There are 2 protein chains.
Amino acid sequence: MKTYLDCIPCFFRQALAAARMSSEDETIHRRVLNSIALMIPDLALSATPPEIARQVYRVVYEITGNSDPYYETKNSANQAALSLYSRMQDTVDYSNDPLLTACRLSIAGNDIDLGAQAEFGSINSIIEDSLVFDLDQKNYTKFKENVAKANLILYIGDNAGETVFDRILIEQILQIKNLKIVFVVREKPIINDATFEDAIRVGLDKVATIISSGSDAPATILSQCSSEMLSLYQSADVIISKGQGNYESLSGRSENIFFLFKVKCSVIARDSNLAIDSPVLTHS
Amino acid sequence: MKTYLDCIPCFFRQALAAARMSSEDETIHRRVLNSIALMIPDLALSATPPEIARQVYRVVYEITGNSDPYYETKNSANQAALSLYSRMQDTVDYSNDPLLTACRLSIAGNDIDLGAQAEFGSINSIIEDSLVFDLDQKNYTKFKENVAKANLILYIGDNAGETVFDRILIEQILQIKNLKIVFVVREKPIINDATFEDAIRVGLDKVATIISSGSDAPATILSQCSSEMLSLYQSADVIISKGQGNYESLSGRSENIFFLFKVKCSVIARDSNLAIDSPVLTHS
């Protein structure tokens with residue numbers, strides 16, 4: 001997906017939010033915005049939004065000297081989501097269609113995003129919201145069928161904390177079939193995206209093999225990924241792509257990808273023909 | 001009120017919206033954003049937001065070659081509001097406190113704003129919403145007392161269409177006391193702010209003397225106003241200031257100003273300690 005001009009105000013908003021997370025010094029915040037402004041005339045809008053976002057955040061991290069401003073936020077999200085892990089398990093176990101409920105929870109968990117939006121609600125309300133999600137029935141059936149016959153699933157994660165919701169879905173998939181699942185995290189901290197450390201903290205290593213994408217983009221930019229990641233990407237029977245960033249970088253690809261995310265901005269709303277806040281389970 | 005760094009993403013959003021109103025050519029939209037980007041490093045944040053917005057819109061108008069992109073939008077808003085004029089009159093006449101109802105309507109009419117927000121609801125829903133407004137009782141009592149003893153009121157308008165709501169309030173004030181009311185419009189088209197033509201179209205000349213501020217800012221920047229405007233500003237017993245732009249440029253002044261507006265962005269929400277969408281009747 002290309003970058004729209006509407007993304008430009010959003011890059012400034014995100015840069016300011018990240019700068020404020022890093023420093024209380026307004027002159028530093030201003031320097032950050034000035035530097036982003038100077039990048040604008042040279043931006044190639046043919047790049048995907050997360051490719052540009054990656055450059056934007058790198059500028060923020062360089063100027064503020066803080067390469068992981070969301071470190072505490074990610075830890076809190078991991079802890080908050082973990083504290084509700086058994087409740088989520090119960091919700092899934094006692095539902096009519098556990099896999100569907102686990103999908104809904106995984107999509108709801110994508111609300112824990114501090115890139116496309118400035119804040120998110122309580123983990124508790126995120127779980128509650130998931131119970132009333134209407135997902136596309138045809139896509140869900142296709143997802144169920146594909147999962148049932150897969151031997152290798154590449155599960156590309158998005159945010160820290162959301163990983164607990166992902167663990168719930170992965171456990172549910174493993175109840176259907178004992179297959180190999182590889183969970184992909186970002187190579188380095190970027191926004192509040194999950195890194196290796198975040199995945200370990202929520203015990204994803206107990207249910208999946210965790211690998212880094214090899215890239216520090218808040219997305220899956222294949223040209224920046226490691227050969228290990230690319231090889232798994234090519235050989236996986238099913239790819240589960242979580243979140244807007246991965247959608248923005250992988251939509252339009254021909255692999256067998258299921259995109260699970262929540263719509264968080266007007267650009268994706270227009271692109272997906274859905275309202276902001278809609279839960280999405282769609283197929284490439 | 002000074003400009004906050006949060007205003008910077010908003011300037012880009014507004015510039016893009018205005019560029020799209022003027023032209024369908026994406027390369028022109030891009031040129032607009034590039035030009036705004038080049039302005040950022042030199043922006044003096046000590047200026048008020050509408051002072052900077054004025055510069056931003058002037059760049060948009062220069063690049064697109066359209067000096068009044070909201071012309072049709074303003075006409076539609078004038079027409080739509082005018083078609084509900086007698087309904088608004090009835091609403092006021094049959095209410096327990098007609099002046100309060102007219103204040104509520106006038107504040108609700110401030111929703112017809114395309115600067116701080118991308119769109120507004122139907123004029124019908126704007127009227128409905130006003131009926132449940134909770135206004136600060138102390139400020140309203142002060143407003144009522146001040147109006148009752150005034151001989152000259154300077155009423156500084158904001159948007160086209162909103163002017164019909166202003167006419168309703170002015171008529172109500174004139175029922176309390178037959179005093180002189182001067183209604184101030186912008187010197188030239190800027191966003192969807194009311195100009196002389198817009199005021200005439202909704203018959204404001206039947207109830208007030210209409211003058212231009214002498215400035216094309218979407219606000220009241222005294223250093224840019226005409227001597228006629230400044231003289232009335234100094235001699236008025238009461239000043240009624242409509243909308244965020246006038247508030248941003250006049251808040252903190254010592255004159256007897258009543259600010260009537262709706263909170264439309266996080267910066268004003270923080271400044272006024274009110275939630276976005278709140279109706280405001282406050283005193284300088």
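The paragraphs below go through a predicted model, beginning with the overall form of chain A and ending with its contact with chain B.

Chain A has 284 residues, and for that number a compact globule would have a radius of gyration near 19 Å; the value for chain A is 18 Å, which agrees. Taken along the principal axes, the box filled by the C-alpha atoms of chain A comes to roughly 55 × 40 × 35 Å. Of the residues of chain A, 51% count as buried, and among contacts between residues at least 6 apart in sequence, 72% join residues at least 24 apart. The secondary structure of this chain consists of 13 helices and six strands.

Chain A is divided into domain 1, covering residues 7-64, and domain 2, covering residues 71-283. The C-alpha centres of these two domains of chain A are 26 Å apart, and the contact between them takes 11 residues from domain 1 and 14 residues from domain 2. On the domain 1 side of this contact, the elements that give two or more residues are α1 (7-22) and α3 (49-64) of chain A, with α3(A) supplying the largest share, six residues. Sorted by class, that side of domain 1 has seven nonpolar, two polar and two charged residues.

The strands of chain A can be followed next. Six strands form an open sheet of mixed pairing, in the order β3-β2-β1-β4-β5-β6. The edges of this sheet are β3 (209-212) and β6 (279-283) of chain A, each of which pairs on one side only, and neighbouring strands are turned against each other by 20 degrees on average, direction ignored. In general, strands of a sheet pair through backbone hydrogen bonds, in either a parallel or an antiparallel sense.

Which sense of pairing joins β1(A) and β2(A)? These two strands pair in the parallel sense, over five bridges, and Ile153(A) stands opposite Ile181(A) in β2(A). Because four of its five residues are buried, β1(A) is largely enclosed by the rest of the structure. Strand β5 (residues 257-262) of chain A, by contrast, pairs with β6(A) in the antiparallel sense, again over five bridges, and the bridge partner of Phe258(A) in β6(A) is His283(A).

Two helices of chain A can then be placed against these strands. Helix α8 (residues 137-149) of chain A lies across β4 (238-242), β5 and β6 of chain A, and runs at about 60 degrees to β6(A). Helix α9 (residues 162-176) of chain A also packs on the sheet, where it touches β1 (152-156), β2 (180-185) and β4 of chain A. The direction of helix α9(A) makes about 165 degrees with that of β1(A), the strand that is largely enclosed by the rest of the structure.

On the side of chain B that touches chain A, the elements giving two or more residues are α1 (7-22) and α2 (26-39) of chain B. By class, this side of chain B has nine nonpolar, two polar and three charged residues.

How values were computed:
Residues are numbered from 1 along each chain as its sequence is written. Chains are lettered from A and ligands numbered from 1 in the order in which they are written. This is a predicted model: local features need pLDDT of at least 70, side-chain atom pairs count only at pLDDT 80 or more; totals for chains, interfaces and linings use all residues. Two residues are in contact if their C-beta atoms, placed from the backbone, lie within 7 Å. Ala, Val, Leu, Ile, Met, Phe, Trp, Tyr, Cys and Pro count as nonpolar, Asp, Glu, Lys and Arg as charged, and the others, Gly among them, as polar. Two strands pair if DSSP finds at least two bridges between them. Axes are lines fitted to C-alpha atoms, for helices over the stretch in contact, and angles run from 0 to 180 degrees between N-to-C directions. Domain bounds come from an automatic or database domain assignment. The radius of gyration is taken over C-alpha atoms; the globule rule is 2.2 Å times the number of residues to the power 0.38. A residue is buried if 20 or more other C-beta atoms lie within 10 Å of its own, exposed if 12 or fewer, and partly exposed in between; C-beta atoms are placed from the backbone.
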